[in-house]
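Reader: I have not seen this one before. Can you walk me through it?
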Amino acid sequence: MRVFVIGTAGSGKSTLVKEFGEFLKNNYDVKLVNLDPASDPIYPADLDIRKFVRTEELMKRYGLGINGALLKSVELMLDFVEDFRVSADFVLYDTPGQMELFIYSESGIEFVRRISDKFTAGVFMLDSTMVKTPENFVSAILQNVVVALRLSIPTIAVFSKTDLCDLRTEEILKELKVKTGVLAELMEKITPILDYSTIKYRTLKVSSVKKTGFEDLLSSLRELFCACGDLS
Ligand SMILES: Nc1nc2c(ncn2[C@@H]2O[C@H](COP(=O)(O)OP(=O)(O)O)[C@@H](O)[C@H]2O)c(=O)[nH]1
Ligand SMILES: [Mg+2]
């Protein structure tokens with residue numbers, strides 16, 4: 001199974017790849033892949049895009065600012081995509097810090113498309129400390145849907161850093177139902193989308209620091225493909 005770990009900058013992608021990767025290695029053949037051209041991996045990477053493309057070097061070579069160099073990096077990464085189509089029970093792909101590089105650039109989407117097979121999923125990391133109000137919660141669900149649609153892979157929403165705050169999903173969902181005010185109608189219309197999101201049925205909460213929630217994440221990934229047997 002190939003798993004793209006996606007999320008906004010600082011949401012905990014790289015830390016999850018490191019710790020969830022360690023956890024999976026107890027029972028599975030696992031490969032960890034760094035696809036962030038701007039950061040060295042914090043785990044022993046089996047494959048590292050920085051061996052091929054380094055954002056800081058592109059800034060110098062082409063006289064680009066950071067955003068231009070990041071976009072150029074993803075463009076150049078496409079030349080090496082075949083090297084990154086590796087197989088294992090689980091291949092965890094750590095994506096660039098800034099998720100828009102993968103979600104809103106043709107090269108990023110193409111990179112994912114060329115690596116994906118029928119056992120490819122996304123894990124969308126949502127920083128728990130940023131999701132405290134019903135409005136934030138709904139916007140998080142919508143973001144998850146956007147990621148799944150743009151990348152065309154089934155995507156599980158995962159709340160990260162749950163050691164830092166107690167995410168009360170049940171209460172937020174109840175609050176949603178009684179919400180009034182300017183956004184109330186919009187929220188009411190949007191709420192049915194919960195039916196299509198994994199969040200309603202199961203809130204996946206992980207802490208990479210405390211190494212909690214990994215069993216749930218593993219079983220959700222397996223359930224995505226009704227996986228019994230070989231996932232490689
Ligand atoms: N408390 C806490 N901090 C975390 C957790 N996961 C990541 N972090 C911290 O959040 C920051 C960003 O994490 P990182 O994995 O680099 O985010 P990325 O940009 O999405 O790859 C780092 O300082 C991590 O140590 C977690 O589960 N709990
Ligand atoms: Mg990272």
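Reader: ok, what is the mean pLDDT of the protein?
Author: The mean is 89, and 91% of the residues reach 70 or more. pLDDT is the predictor's confidence in each residue, from 0 to 100.

Reader: Where is the pLDDT below 50?
Author: Over residues 228-232. Beyond near neighbours in sequence, that stretch has six contacts in the model, a contact being two C-beta atoms, placed from the backbone, within 7 Å. Where pLDDT is low, the predicted coordinates should not be read in detail.

Reader: Now the sheet. In what order do the strands come?
Author: The order is β3-β2-β4-β1-β5-β6-β7, seven strands in an open sheet with parallel pairing. At the edges are β3 (47-48) and β7 (204-205), each pairing on one side only. Strands here are DSSP runs of E with at least two residues, helices are runs of H or I with at least four, and both are numbered from the N terminus. Two strands pair if DSSP finds at least two bridges between them.

Reader: How many bridges join β1 to β4?
Author: Four, between residues 2-7 of β1 and residues 90-94 of β4. Within β4, Leu92 is opposite Val3. On β5, Gly122 is opposite Phe4, and six bridges join β1 to β5.

Reader: And which helices pack on the sheet?
Author: Helix α1 (residues 13-25) does, touching β1, β2 (30-34), β4, β5 (120-127) and β6 (155-160). Helix α10 (residues 214-224) also packs on the sheet, against β1, β5, β6 and β7. The direction of α1 makes about 165° with that of β4, and the direction of α10 makes about 170° with that of β6. These angles run from 0 to 180 degrees between N-to-C directions, with axes fitted to C-alpha atoms, for helices over the stretch in contact.

Reader: Why is β5 largely enclosed?
Author: Because seven of its eight residues are buried, meaning that 20 or more other C-beta atoms lie within 10 Å of a residue's own; 12 or fewer is exposed, in between is partly exposed, and C-beta atoms are placed from the backbone. Strand β6 has six of its six residues buried. Thr155, Ala157 and Phe159 are on one side of β6, and Ile156, Val158 and Ser160 on the other.

Reader: Switching topic: which residues are closest to ligand 1?
Author: Gly12, Lys13, Ser14, Thr15 and Val209, out of 16 that surround it. Near means a C-beta atom, placed from the backbone, within 6 Å. Helix α1 gives the most to this shell, three residues.

Reader: Last one: is Asp94 buried or exposed?
Author: Asp94, in strand β4, counts as buried because it has 27 C-beta neighbours inside 10 Å. Not counting residues up to four places away in sequence, its contacts include Lys13, Ser14 and Val17.

Reader: And Leu64?
Author: Leu64 is in the loop between α2 (55-62) and α3 (66-77). It counts as partly exposed, because it has 16 C-beta neighbours inside 10 Å.

Notes:
Residues are numbered from 1 along each chain as its sequence is written. Chains are lettered from A and ligands numbered from 1 in the order in which they are written. This is a predicted model: local features need pLDDT of at least 70, side-chain atom pairs count only at pLDDT 80 or more; totals for chains, interfaces and linings use all residues.
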